[in-house]
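Please open the structure in your viewer and keep the selection tool at hand.

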Amino acid sequence: MSLNVARTVGQPQEAVTDGFTLVVDALRANGVEKIYGVVGIPVTDLARVAQAEGIRYIGFRHEQAAGHAAAAAGFLTGRPGICLTVSAPGFLNGLVALANATTNCFPMIQISGSSERTIVDLQQGDYEELDQLNAAKPFAKAAFRVDRPEDIGLGVARAIRAAVSGRPGGVYLDLPAAVLGATVPAEVAQASVFQAVDPAPAMIPAPESVARALDLLTQAERPLIVLGKGAAYARADEAILSFVETTGIPFLPMSMAKGLLPDDHPQSAAAARSLVLGQADVVMLVGARLNWLLAHGQPPRWSAAARFIQVDADPVEIDSNRPIEAPVIGDIASAMAAFTDALRPGQVTVPDAWWQAIRGRTEQNVAKMHARLTADATPMNFSTALRAIRDVLDGHREAYLVNEGANTLDFGRDILPMYRPRHRLDSGTWGVMGVGMGYAIAAAVESGDPVVAVVGDSAFGFSGMEIETICRYRLPVVIVVFNNGGVYKGDEVNTHSADPAPTVLLHSSRYDKLITAFGGTGYQADTPDELGHELRAALKTGEPTLINAVIDPAAGTESGHLTSLNPRTH
Ligand code: ADP
Ligand code: TPW
């Protein structure tokens, strides 16, 4: 680490540095290589110093997208993604992403400049005045403010530790303008910056908890392993594969755990999801929560008699929705290693009848899906458009997939197989719209590999301006907008006035033309063949591309698979 001496003042000349430089030095000392953000008072120079010091700064058009990018970077790398925002409105724009990161257990740090503390605290009306620290607290795993420049090193280290240790999450770090601009003697500064030692320490599960869990698995007639995005995040890919294969237990990946084990693995029960959820008698949750995405673990989706093992870093998660008979608290890498060590040969066996039931249902569902995918639909529907994408991506398994929307998400999850860990990013735990472009940018920036973002036309609108960012950095991102002219569907008619119905968007929109304004390539696709051809061409060039895929406005359902959550249909 080299401290950048910002300037030299006074007689005799004393080397000094400033808050901006200290923040950058502290980030660099802790291995931060990228910052995603939007500049303005008081943080513009922070981005400049970062760039000068070799940190890559990716400038966005809106803080929310920058925050989502930082969160995705956290998930993809296991190190906290950094989002930089300006005071008050910029800070608030980033807060959705911070909250989403916390909800999804992604490590990220929102670093925000803030206005003059003395004026903010007395509410005397400063430029962009807001009590940001308190505003951030309910949405962050932890929130800190640095009030003295000599505390910057500590503040950054604490923020990093809070983001990545235990259950990862979003952390807020408030840096008042006065602290950023303050000068500090270089010697004091040098001593205040340090690298946090072992910021995400291993959490070894208690041996008796592992034994209890294995004992329960031994009693199972119809066992099931559910892999969640916590398991993907844990980077215990080999240990999880080995445990699954050694025990022979069927597994079900949650959407962002798809690819942790390849979707064509013979033990995947994904195509028999309802059957395994409804009939499993012992369920081992690995980095997955029994939240709405798993019907809270309740009948009728689950058997009332099912017994649960839950492997998780957070003890408070246990019993959140139904009693967990065998909690295993630890980090997943340590826990899977402990399971493998403790497992005796032949200790867990899976009865043939269970596999027969799963294989029978899988065959039925695959046949049904095949009929939908190969239907001759004009205009395209979600299934036929996704089939075209699937066929191209089969030859591009290195590509990252970003997926948001309602039907676009639900069909996409089922139709697009994943073969590599941590290659799928989607609306996640909140089902949030607007993550698309930020996630795509982060995946491209962090990996250098191609990214395909398959997004609904409504979903795209939330972060669509970031196509300029994609073009500015010439990122290998292909966006496929599923244009069915609406939120969910595009065929609703308002019978009360001349205004469009609430769910209607312009189906005639040429989203492909937007990207050409920034020098990218735009295509329109009316058929699966055109879509496949254009996607293939885009992946070949690696240039920013947007394909306007025209989908039947009547295709899909309101709220996708969540129709039952609408209050009137509840
Ligand atoms: P999904 O939506 O895929 O079901 P969730 O986000 O609901 O997954 O659950 C992820 C769980 O994984 C959280 O409860 C979180 O505490 C846990 N988790 C995240 N990282 C780790 C880790 N490295 N070790 C153990 N548990 C983890
Ligand atoms: C931040 C509510 C859920 S899904 C959706 C909205 C607006 C868009 C669905 O239409 P889209 O997809 O994207 O065209 P498709 O495939 O069904 O046609 N605001 C936020 N998050 C959510 N979830 C919403 C609103 C919503």
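In which loop is the place of P42? Select P42: this residue sits in the loop between strand 3 (34-37) and helix 2 (44-52). Helices (H or I, at least four residues) and strands (E, at least two) are DSSP runs, numbered from the N terminus. This is a predicted model, in which local features need pLDDT of at least 70, side-chain atom pairs count only at pLDDT 80 or more, and totals for chains, interfaces and linings use all residues. Residues are numbered from 1 along each chain as its sequence is written.

The peptide bond from I41 to P42 is cis, with omega near 5 degrees. Most residues other than glycine have a negative phi, and most peptide bonds are trans.

Next, select T378 and P379. These residues are joined by a cis peptide bond, whose omega is about -10 degrees. The loop that holds P379 runs between helix 15 (352-374) and helix 16 (382-393).

Proceed to A88, in the loop between strand 5 (81-85) and helix 4 (89-104). Although A88 is not a glycine, its phi is positive, at about 40 degrees. Is A88 buried or exposed? With 7% relative accessibility, A88 counts as buried; buried means under 20% relative accessible area, exposed over 50%, and partly exposed in between (1.4 Å probe, protein chains only).

Finally, select H296, found in the loop between strand 12 (282-286) and strand 13 (307-312). H296 is not a glycine, yet has a positive phi of about 55 degrees. The relative accessible area of H296 is 35%, so this residue is partly exposed.

Key: Chains are lettered from A and ligands numbered from 1 in the order in which they are written. Side-chain values use heavy atoms; hydrogens and water are left out.
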